[in-house]
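Welcome! Take a moment to look over the structure below, and then let us walk through it together.

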Amino acid sequence: MSPDSLEFESLGTTCSLFGAGTPPGALAEGRAWVEEMHRRLTRFEPASELSAFNASAGDWVRVSPALEALLREALRAHRISGGLVHAGVLHAIIAAGYGRTFSQGPTVTARDTVTLDPVPLLPNMLEVSPGAARLRPGYGIDLGGIAKGWLADRLAERLGENCLVNLGGDLFARGAGLDGRGWPVGFGGTTVFLRNRGAATSGTRRRSWGDGLHHLVDPRTGRPAKTDLAEVSVIAASGADAEIHAKTAFLLGRRAAEFYLEQNAPGWYLAP
Amino acid sequence: MPGWVLKLAACLLTGVATAGSAGYVTSHLKSPSAPLNPRVVASGPVGRLTLTPSIRSSADQQPLTFTSVS
């Protein structure tokens, strides 16, 4: 027996949806929802809600439930990662050369001409209240580091009791899968059966464009992270948690990552 | 300047260039056993996968999809 499936490009990556016993049209509706979230949350489109929010730094701005939830998720990610998973590094990412979609190629790197300081703690630059949020002037939000796992969790809720949502490698498996063992997912060189769990991978084997230049900024330096890991994969209770733990372990580096993963989530890492 | 001087100079220049090139090539032979650059320091996964008992795994089962860097 094979599941219903749908693969498409969105969020700057490849997305795959699988369902067992999902209603007709559910996967197509799921795709439409992902594309709507992309239009709303991308930093690469000036007309997106996120771009408008970043452009209004300093003022309280009305935000949609989706953006409000993700901004709160950004604060949660910052808190449980000890400040390492930081959505407020937009300007540092742009200074490193990631100023447009990755498929369009890097932009001018300003790292040698711009003084990049450690990024302030996220609660010191972002305030969220019901229906509104305010960003400190001079800073910007990039949700690329936390959104896909969170969106996978939310979409799995919408698709039904037995489904697998994979948004560019950050995924959530809901239900028992096709044969009751869980959904088979490739993870660290083996296949794991995931049931009501998320998985995510963080690393620099993609979205890197030069000597030490990549998309994962270390908020402690304001520069692309220097780490002795190439990638980290994690399994957690949700796609959002998996994404946070994978990024945290990656930024910590090999020695601390081993301890961190033992304490927080089953994981696997690859050293270059 | 007589024409034969120019011809002689051209012949000498050609000879010097040929001899110089031959000498350079002879002293810079490509070694098939030269190390790769950059050197490969490790290959394949070197990580450690620690799964909790609640997560089942199988090396034989084909996965439907993968977690991966995006």
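This is a predicted model: local features need pLDDT of at least 70, side-chain atom pairs count only at pLDDT 80 or more; totals for chains, interfaces and linings use all residues.

Of the 70 residues in chain B, 10% are buried.

The secondary structure here is quick to list: chain B has 1 helix and 2 strands. Starting at the N terminus, these elements follow the order α-β-β.

## A nonpolar patch on the surface

Which residues of chain B form a nonpolar patch on the surface? They are B:Trp4, B:Leu8 and B:Leu12, and together they have about 370 Å² of accessible area. In an α-helix, residues three or four places apart point the same way, because there are 3.6 residues a turn.

Let us look at one member of the patch. B:Leu12 sits in helix α1 of chain B, which covers residues 3-27. With a relative accessible area of 54%, B:Leu12 is exposed, because the cut-off for that word is over 50%.

## Where the two chains meet

Three residues supply more than any other three: B:Thr67, B:Val69 and B:Ser70 give 25% of the area that chain B buries against chain A.

How many salt bridges are counted between chain B and chain A? The count is 0.

## A helix with two sides

Now turn to chain A and find helix α7, residues 254-264. Its buried residues are A:Ala257, A:Tyr260 and A:Leu261. These residues lie on the same side of α7(A), because they cover an arc of only 100° around the axis. The other side of α7(A) has exposed residues, namely A:Arg255, A:Phe259, A:Glu262 and A:Gln263.

What covers the buried residues of α7(A)? The cover includes two helices of chain A, α3 (65-80) and α6 (239-252). It also includes the strands β15 (231-236) and β16 (267-270) of chain A.

## A buried methionine

Is A:Met37 buried or exposed? Its relative accessible area is 8%, so A:Met37 is buried, the cut-off being under 20%.

Leaving aside residues up to four places away in sequence, A:Met37 touches A:Ala66 and A:Leu151. A:Met37 can also be compared with A:Ala147: the two are 110 residues apart in sequence, and their C-alpha atoms are 9.6 Å apart in space.

## Two loops with a positive phi

Most residues other than glycine have a negative phi. Two loop residues of chain A are worth a look with that in mind. A:Leu11 is not a glycine, yet it has a positive phi of about 55°. You will find A:Leu11 in the loop between β1 (4-10) and β2 (13-19) of chain A. At a relative accessible area of 16%, A:Leu11 is buried.

A:Asn196 also has a positive phi of about 55° although it is not a glycine. The loop that holds A:Asn196 lies between β9 (190-194) and β10 (197-203) of chain A. A:Asn196 counts as partly exposed, with 43% relative accessibility.

Note on methods:
Residues are numbered from 1 along each chain as its sequence is written. Chains are lettered from A and ligands numbered from 1 in the order in which they are written. Side-chain values use heavy atoms; hydrogens and water are left out. Patches are made of residues with over 30% relative accessible area and no salt bridge: like charges are joined within 9 Å, nonpolar side chains (Val, Leu, Ile, Met, Phe, Trp, Tyr) within 5 Å. Accessible areas come from the Shrake-Rupley method with a 1.4 Å probe; for residues, only the protein chains shown count as cover. A salt bridge is a side-chain nitrogen of Lys or Arg within 4 Å of a carboxyl oxygen of Asp or Glu. Helices (H or I, at least four residues) and strands (E, at least two) are DSSP runs, numbered from the N terminus. Buried means under 20% relative accessible area, exposed over 50%, partly exposed in between (1.4 Å probe, protein chains only). The arc is that of the directions from the helix axis to the C-beta atoms. Contact means heavy atoms within 4.5 Å. Buried area is the accessible area (1.4 Å probe) that two parts lose on being put together, summed over both.
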